[in-house]
Amino acid sequence: MASRYVRKVRTASGAVAVQVVTREGRELVEVDHVGSAHTDGELELLLQAAEERLRPGQEVLDLGPLERVGARMGDVADWTDSQSESEQEVSAPVGRPRVTAGGGQVVRTSALLLWEVLSGAYSRLGFDAVKDEAFRALVLARIIEPTSKADTVRVLDEVGVAPPGLNTIYRSLQRCQKRDYRNTVAKACLAHSARTSGTAAFIMYDITTLHFENENEDELRKVGMSKEHRVDPQVQVGLLVDPGGFPLEVHLFEGNKGETKTLIPVLTAFQERHGVTDMVVVADAGMLSAANLAALEDAGFKFIVGSRLTKAPYDLADHFQRHGNYFTDGQILESTRVMGRGSEARERRVVYQWTFKRQKRDDRTINAQIAKAEKVASGGVPLKRTRFLKVTGATKELDEATIDRARQLAGLKGYVTNLPMEMMSGAGVIAAYHDLWKVEASFRMTKSDLRARPVFHHQRDSIEAHLTVVFAALAITRYLTASTGVSIKKIVQTLRTVRSATIEINGQQLTLEPKIPADAQAILSAIEGH
């Protein structure tokens, strides 16, 4: 004999799905999905709507601000019997529409406030110039809940936005490459940066990897150096950001391409796209090579890059001769050094700074590495490549000369630049370099909030289109977090629970606006005032 009842199920997004279920014995024969709730108030409405479907015509949906006993977001057990309603009026839960009279049925609920905020940011950044609604849907859905392209339809449906068909989504990805949407997005990003940071500014560059859940390599997806020691095929992504961490350019490279070989192509594309050269490029020491620096200079760029400390004893020979290893906290010293050979040989300005905090950190690292080398030297652990270990034939011992050199350089950090001293002081060079953490912050957003990896596409054009979607989503994320001072995760969580409800009463549909709680109103006010 068939039985029908209402049940609640927790979804992957944290919502509670309300369903009318039909079983014959132990076999599930039908599931009628009523909707997904994100607040207690919304759950209340959906449960009443489910009861109406379960027993059509037997009950009237009371839309008064009454609270059904047991209808709680935290309770996801099957809800099978109708509970009595309290006759005492109570305040509506967060996001619950307020209605004082009437009967009807919930048609749908929508997080339209969240969608309006994201759509507004998309427009203010100038991304409407892309003129592709499916692309916009992909970008905004990735901010709401990063998932596969196919599952994007579900995300949009739960928000209350009519989703494009799956074939439309895939055609949009094809158009993304054919019409070069990234060019449009990148130009809009630079225009926004110019409005907020000015045209003559610094740009920061770094590179990261995105891996694939696939064992097979091809001409793009290759196993390469991974900071996380992964052995999956990967691609490398180069990212340029402005001083506020706002993205300006993104590029895709083979997984095994050397980091130093990615900088020039990204900056050349940036120059060709925007005709901009009067910017200072800030990059990590990994980008430091004489060829790279000469190419940057020839292209008209100024630069600040981290300097490896191998040449520090020679650059600072005068200091070490007169003062030994003594430095004052925050002390800045300058030197020059000829870098490169032949046509690439250029005299470079090198800035060094010593800090007490960095020395303590370096000393801890050195001590840990000495302890590791001592264990290997004593035979306590198997022989392996270890800093401060000297192996001569069968003899294993500490390399005291290398240890002394490391102690001498503890606390020092070097920077190479072609900016003349009259244009920027040593302290200014150091401060600009320290803004590189904003590139890392953008990469963290890309990998965590936007879940750009692992990548499930296989063809290069599809991967490039995926990267363009992530690029646009990152720009919106950066814009909103800068405007509000709130993380994108918190913005989405707060606004997603503020739901509008569409009610059908006597054949007529009525949309009920939600009550906006204080935390949501604070976010809206910050965006409006930015």
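Which residue just after helix 8 takes a positive phi? Glycine 300 does, at about 95°. This is a predicted model, where local features need pLDDT of at least 70, side-chain atom pairs count only at pLDDT 80 or more, and totals for chains, interfaces and linings use all residues. Residues are numbered from 1 along each chain as its sequence is written, and side-chain values use heavy atoms, with hydrogens and water left out.

Helix 8 covers residues 290–298; helices (H or I, at least four residues) and strands (E, at least two) are DSSP runs, numbered from the N terminus. Its buried residues, meaning under 20% relative accessible area with a 1.4 Å probe and protein chains only, are Asn292, Leu293, Ala294 and Leu296. They pack against helix 7 (263–274) and strands 9, 10, 11 and 14.

Now the cores. A nonpolar core is a set of buried Ala, Val, Leu, Ile, Met, Phe, Trp, Tyr and Cys residues joined through side-chain atoms within 4.5 Å. The largest has 73 residues, and Phe127, Phe135, Val139, Ile304, Ile476 and Leu480 touch the most other members. Helix 15 (residues 460–484) gives the most to this core, 12 residues. Phe135 has contacts (heavy atoms within 4.5 Å) that include Tyr122, Cys176 and Ala472. A second, separate core of 33 residues includes Leu263 and Leu409.

Last, the open sheet: 3 strands, antiparallel, in the order 1-2-3. Strands pair if DSSP finds at least two bridges between them. Strand 1 (2–10) and strand 3 (27–37) are at the edges with a single partner strand each, so one side of each has no neighbour in the sheet. Strand 2 (residues 16–24) pairs with strand 3 over 9 bridges, and valine 21 has valine 31 as its bridge partner.

Terms used
Buried means under 20% relative accessible area, exposed over 50%, partly exposed in between (1.4 Å probe, protein chains only). Lists of a residue's contacts leave out its neighbours within four places in sequence.
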